[in-house]
Structures are given as structure tokens and as C-alpha cells.
Amino acid sequence: MATTTPDVPRSRRPKGAARPGDRIFSGLSRGSGITLLVIMAAIAVFLTYRAVLAISQDSTNFFTTFEWNPAGNPPVFGIAVLAFGTVVSSIVAMVIAVPIAIGIALFISHYAPRKLAKPLAYVVDLLAAVPSIIYGLWGAIFLVPYLDGLNQWLDTYLGWTYIFDKSSDGVARNLFTVGILLAIMILPIITNVTREVFLQVPKMHEEAALALGATRWEVIRMSVLPFGRSGIISASMLGLGRALGETMAVAVVLSPSFLISGHLLDPGGGTFAQNIAAKFNEADEFGRDALIASGLVLFAITLLVNGAARWIIGRRKEYSGAAA
């Protein structure tokens, strides 16, 4: 009589034994991670090599010079204005976008009726898919003219803060306008990720808070926000990454100039991505090396931002584990 050998239970399999599918998936995952690291390293090596060629011929300090003229004799170019404009516009965008995104995410996940929450979430998803050039054209045609009144109001009532002191005339093609436009662009990204994190909050936590007599806001404050804090940080860093590297929208809206001013309402300024987009086609080989050098700085800033975000999230996980 033929006999069949039963499958060996997972607990009794020899140590190190794995199914073929598990081995294939593990190999693909490991290979994908290694490939990503190799690509990142290759990009860093290429940018560094071309940047060194340019910086070695720069007649001034690359990090503190305001002027950008690689075609000059001698070449003069620096990233001081570009770094200032990139950081300031991104900070303005984050200050505006993050609180609004958290509020929208909370409304969709915990306040809005289901019949309203699903269409609203769908609309927010669609906003994240709008090309940046569309945002730029909308900003140049609609946003810039209508922000003149806001700029005048800020100058009148908040001009004493120096930041909103409008010291020169001109349309609202400034870093403040760029920050508002970037805030609109990154708002859907932060909202989508934050909403999904809030939806993952264990229902038992919320029900336990309600059973103790907590109001809806107290449930959110004690259960939802602490659980989703790491997700909020991750979503904010994703939005910040897009704000730092946004090109076309900024190039359409901003009136570039190589001057640093603490008055956000004054026309002018510049960012790394906008400068690369504006000058790449007309630059010669050395000028493109100079632009690549500025791109290397933006690459490094992006890596530092993402590294800081991972460190913050890791610290919060360690703290939460220790507290538990």
C-alpha cells in the first residue's frame, strides 16, 4: 500500500531551511536595496567629480559668494543666495502646509461623515498628481496678482517685524509667494500620508479613551496624535523634499536676483533648482559643471534632511519602547 509523507511543520524544519519563494523574495529584496545604494553612490561620485572641476577654478569662495557668473574672466560663482532662498522658501512652505495638512487629515479620518470623507480624500489624491508646471502657471497668472493686497496688508500691520517690511516696490514675485505656492504643492503629499497614519490608530485605544469619558478632541490629543507623530514627521519630510527640489513652479513665479534680503516681501531671490533650470541650456561645459556643483549641495541638503528625519523617528521609537 502506498504511503504519503506528511509535510514537515514549520517548527520542525531544519534551521536555515526556507521555501523557494521566500529565498527568491529575500534575494530580490536584498538586490533591490543594494542596487539603490549603488545608484545613490554613483550619483554622488558623478556630482562630486564635476563639482570639483568647477570649484577648483572658482576665483572666489563657493559658499559665500553672491554672484553667479561662471563665464566671467576669472569665473565667479557662489551658492549663498541660492542656499538662502531654498531654505527660506521651504521653511515658509512648511510653516503654512504642515498644520493645515494635519487638520485636513484629522477631519477626513475622524470628523467627516463617510460619504464626505471618501470624495474629499479622492480630491486630495488628485491634487498630489497635478504637474508642477500647472501649479507654476496658476501661480504666475492668478496667485501673484492677488497677493499684492496681502503683501500691502502685511507691510502695514506687520512691517515692524522686519521680515514683512516691504522696502522696495514691485509685484509679488518674491520668496514669500514661492513659499505659499510650495505650501499648496506639498499640502496633498503631507495630508495623504498623515491621513493613512491616523487611520491605522488602534480602535481599542480610542474606545478606551472614550470609555474613560474623554471628548473627541481629548481622544485625538491622547491617542491619535501620539500614535501618528512619527508618521507626521515622515510625511513632513516628504513634503520638505519636494519643496527643496521644486523647479518649474518656482522658475515661473520667482523673479530671480542674486541678493540676500531679510524682507520676504521684496522681489527677488533664488533657489538651487530654479537657478539650474534657468541657466542650464545657455551654459557652456564649465557653466554646467558649476550648476552641477550647486546641485551637489542640494543633494547633500536633501540627504541631511532625510537622515535627520530618520534619526528623529528612531529616537521616538526608542523612547516609546523604553516607556512601554
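Thr-271 sits in the loop between α8 and α9 (272-279). Helices here are DSSP runs of H or I with at least four residues, strands are E runs of at least two, and both are numbered from the N terminus. This is a predicted model: local features need pLDDT of at least 70, side-chain atom pairs count only at pLDDT 80 or more, and totals for chains, interfaces and linings use all residues. Residues are numbered from 1 along each chain as its sequence is written, and side-chain values use heavy atoms, with hydrogens and water left out.

Stay with Thr-271. Its relative accessibility is 5%, so Thr-271 counts as buried. Buried means under 20% relative accessible area, exposed means over 50%, and partly exposed lies in between (1.4 Å probe, protein chains only). What does Thr-271 contact, once neighbours within four places in sequence are left aside? The list is Leu-82, Gly-85, Thr-86, Ser-89, Val-250 and Leu-254. Contact means heavy atoms within 4.5 Å. The side chain of Thr-271 also reaches the backbone nitrogen of Gln-274, at 3.2 Å. That is a polar contact: a pair of N or O atoms within 3.5 Å, where within protein one must be able to donate a hydrogen and the other to accept it, and residues adjacent in sequence count only if both atoms are side-chain atoms.

Next, the annotations. UniProt, in an unreviewed entry, places "domain: ABC transmembrane type-1" at residues 83-309. The end C-alpha atoms of residues 83-309 lie 20 Å apart, and the span is 77% helix and 0% strand. The UniProt annotation "transmembrane region", also from an unreviewed entry, covers residues 33-56, 76-108, 120-147, 175-194, 243-265 and 290-309. UniProt positions follow the numbering used here, feature names are shortened, and annotations may be inferred rather than shown by experiment. Take two of these spans. Residues 76-108 are 88% helix and 6% strand, with end C-alpha atoms 52 Å apart. Residues 175-194 are 100% helix and 0% strand, and their end C-alpha atoms lie 27 Å apart.

Now the charged pairs. A salt bridge is a side-chain nitrogen of Lys or Arg within 4 Å of a carboxyl oxygen of Asp or Glu. How many salt bridges does this rule give? The count comes to four. One of them joins the side chains of Asp-289 and Arg-50, at 2.4 Å from N to O. Asp-289 lies in helix α10 (residues 285-323) and Arg-50 in helix α1 (residues 20-55), so the pair ties together parts that are 239 residues apart in sequence. Asp-289 is buried, because its relative accessibility is 6%.

Asp-125 forms a salt bridge with Arg-195, with the closest N and O atoms 3.8 Å apart. This pair links distant parts of the chain: Asp-125 is in helix α3 (residues 114-128), Arg-195 is in helix α5 (residues 175-199), and they are 70 residues apart. Glu-196 also meets Arg-195 in a salt bridge, at 2.9 Å from N to O. Is Arg-195 buried or exposed? Arg-195 is buried, with a relative accessible area of 7%. Asp-125 is partly exposed at 34%, and Glu-196 is partly exposed at 38%.

Val-130 lies in the loop between α3 and α4. Its relative accessibility is 24%, so Val-130 counts as partly exposed. Leaving aside neighbours within four places in sequence, Val-130 is in contact with Tyr-135 and Arg-242. The C-alpha atoms of Val-130 and Arg-195 are separated by 19 Å, and the two residues are 65 apart along the chain.

Helix α4 comes next. Asp-155 is found in this helix and is partly exposed at 22%. Beyond neighbours within four places in sequence, Asp-155 is in contact with Phe-164, Asp-165, Lys-166 and Leu-265. A polar atom of the Asp-155 side chain lies 3.0 Å from the backbone nitrogen of Lys-166.

Helix α4 (residues 132-158) also gives the largest share, seven residues, of a nonpolar patch. The patch covers about 790 Å² of surface and is made by Ile-133, Ile-134, Leu-137, Trp-138, Ile-141, Phe-142, Tyr-146 and Met-248. Patches are made of residues with over 30% relative accessible area and no salt bridge; like charges are joined within 9 Å, nonpolar side chains (Val, Leu, Ile, Met, Phe, Trp, Tyr) within 5 Å. Accessible areas come from the Shrake-Rupley method with a 1.4 Å probe, and for residues only the protein chains shown count as cover. Met-248 is found in helix α8 (residues 248-253) and is partly exposed at 36%.
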